[in-house]
Amino acid sequence: MVTPGAVVQRQQLRTELKKARTKSGLTQLQVAERMDWSPSKLIRIEAGQVGISTNDLRALVREYGITDPEKVEFFLSLARASRKMPYREYRGLLAKPFLDLLSYETSASIVRTYQPLLIPGLLQTEEYSRAVNLAFAPDVAGDRLDRLIEVRQQRQELLESDGRPEFFFIIDEAALHRWVGGPRVMRGQLNQLKEMAARPGVSIQVVPFRTGAHVGLQGPFVLLEFDGDIDHILYLEKYTGESVFSDAPEATAMYLERFWELERLAPREELHRLVDNAIEGLSEQPVTTPQEEVGVMT
């Protein structure tokens, strides 16, 4: 089984701590006074924004009346696991919100991704990914670019691992026709889409152009669902570079309904036809992209 990510373990720890405090009948202010903490410290711990030391955790659960060794060890194990960050070797390379997303992915039971403009990262070929990274950050090259591609390769291992999540991808047809990296790179990417769609536990659908305006044009999003009591997580990556996470039920429910609406607009049986049409279109008007001119994509 995939080892749960540290972010998810911290999420579970905060959920269990809030349950324990509620059961004890104590308010956050009362607990903070008993622990000689500032109220903001407890608030941040319960929000999952910061970790908690082993000694503090032992004292905290004692205040909640938890003394059974097995129950105490349960809390301690969650705290230890929450400090074992996956992808830690890429901390200086990737933004923290994206690292958190990677951690969530390793522990999710279902991952739903909608992308209107690009092929989702988990489905990208190496050359397509290089072209995207060069477009977003033209100054990134050499070892730094190679390491970004390493992250993609490591991330895609999740699609083949035991205990992997169930993946649902919806792409707007526009992403199939955008010549990222040029015709040769795009042809390889489109063929890989068809191969990926044949894998167990992977669903890929395309919203066709004929649909016209639809709710998905508001932007991309990722929904992650987990087994047990862990709340669903919504991840929004804005084109300004900002990223937002939310576990608010009203937000996750709204985007789940949005995803279901997009599924309805994207007939599963049309995937191969739409992809093949895009492949045929690659030979209609040969062009040379800046990436190909400098030999980046070879």
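**Ground rules.** I'm working from a predicted model, so I kept in mind that local features need pLDDT of at least 70, side-chain atom pairs count only at pLDDT 80 or more, and totals for chains, interfaces and linings use all residues. Residues are numbered from 1 along each chain as its sequence is written, and side-chain values use heavy atoms, with hydrogens and water left out.

**Sheet.** Pairing here takes at least two DSSP bridges between the strands. I found Ile 110 opposite Glu 166 of strand 2. Zooming out, I get an open sheet of six strands, ordered 3-2-1-4-5-6, with mixed pairing. Strand 3 (202-207) and strand 6 (243-246) are the edges, and each has a single partner strand, so one side of each lacks a neighbour in the sheet. From one strand to the next the twist averages 10°. Helix 11 (residues 249-265) packs on the sheet and touches strand 1, strand 2, strand 3, strand 4, strand 5 and strand 6. Its direction makes about 110° with that of strand 4. I note that angles run from 0 to 180 degrees between N-to-C directions, with axes as lines fitted to C-alpha atoms, for helices over the stretch in contact.

**Whole chain.** I count 13 helices and six strands, taken as DSSP runs numbered from the N terminus (helices H or I, at least four residues; strands E, at least two). Buried residues (under 20% relative accessible area, 1.4 Å probe, protein chains only) make up 50% of the 298 residues. Of the contacts (heavy atoms within 4.5 Å) with a separation of 6 or more, 74% are between residues 24 or more positions apart.

**Helix 10 against helix 12.** How do these two helices pack? Helix 10 (residues 183-197) and helix 12 (residues 271-281) have axes 9 Å apart and an angle of about 170°. That makes helix 10 roughly antiparallel to helix 12, a label for angles over 145 degrees. From helix 10 I see Arg 187, Leu 190, Asn 191, Lys 194 and Ala 197 in the contact, and from helix 12 the residues include Leu 271, His 272 and Val 275.

**Cores.** The largest nonpolar core has 40 residues, of which Leu 176, Leu 190, Ile 204 and Leu 224 touch the most other members. A core here is a set of buried Ala, Val, Leu, Ile, Met, Phe, Trp, Tyr and Cys residues joined through side-chain atoms within 4.5 Å. I checked Ile 204: not counting residues up to four places away in sequence, its partners include Leu 123, Phe 169, Leu 193 and Leu 271. A second, separate core of 21 residues includes Ala 20, Met 35, Trp 37 and Leu 78.

Phe 75 is in helix 5 (residues 69-81) and is buried at 5% relative accessible area. Phe 75 and Leu 17 are 58 residues apart in sequence but 8.3 Å apart, C-alpha to C-alpha. Beyond four places in sequence, its contacts include Leu 13, Leu 17, Ala 20 and Val 61. Phe 226 sits in the loop between strand 4 (221-225) and strand 5 (233-237), and is buried at 7%. Its C-alpha is 9.1 Å from that of Val 8, 218 residues away along the chain. Among the contacts of Phe 226 beyond four places are Val 8, Tyr 104 and His 232.

Methods
Parallel < 35°, antiparallel > 145°, perpendicular 65-115°, else oblique.
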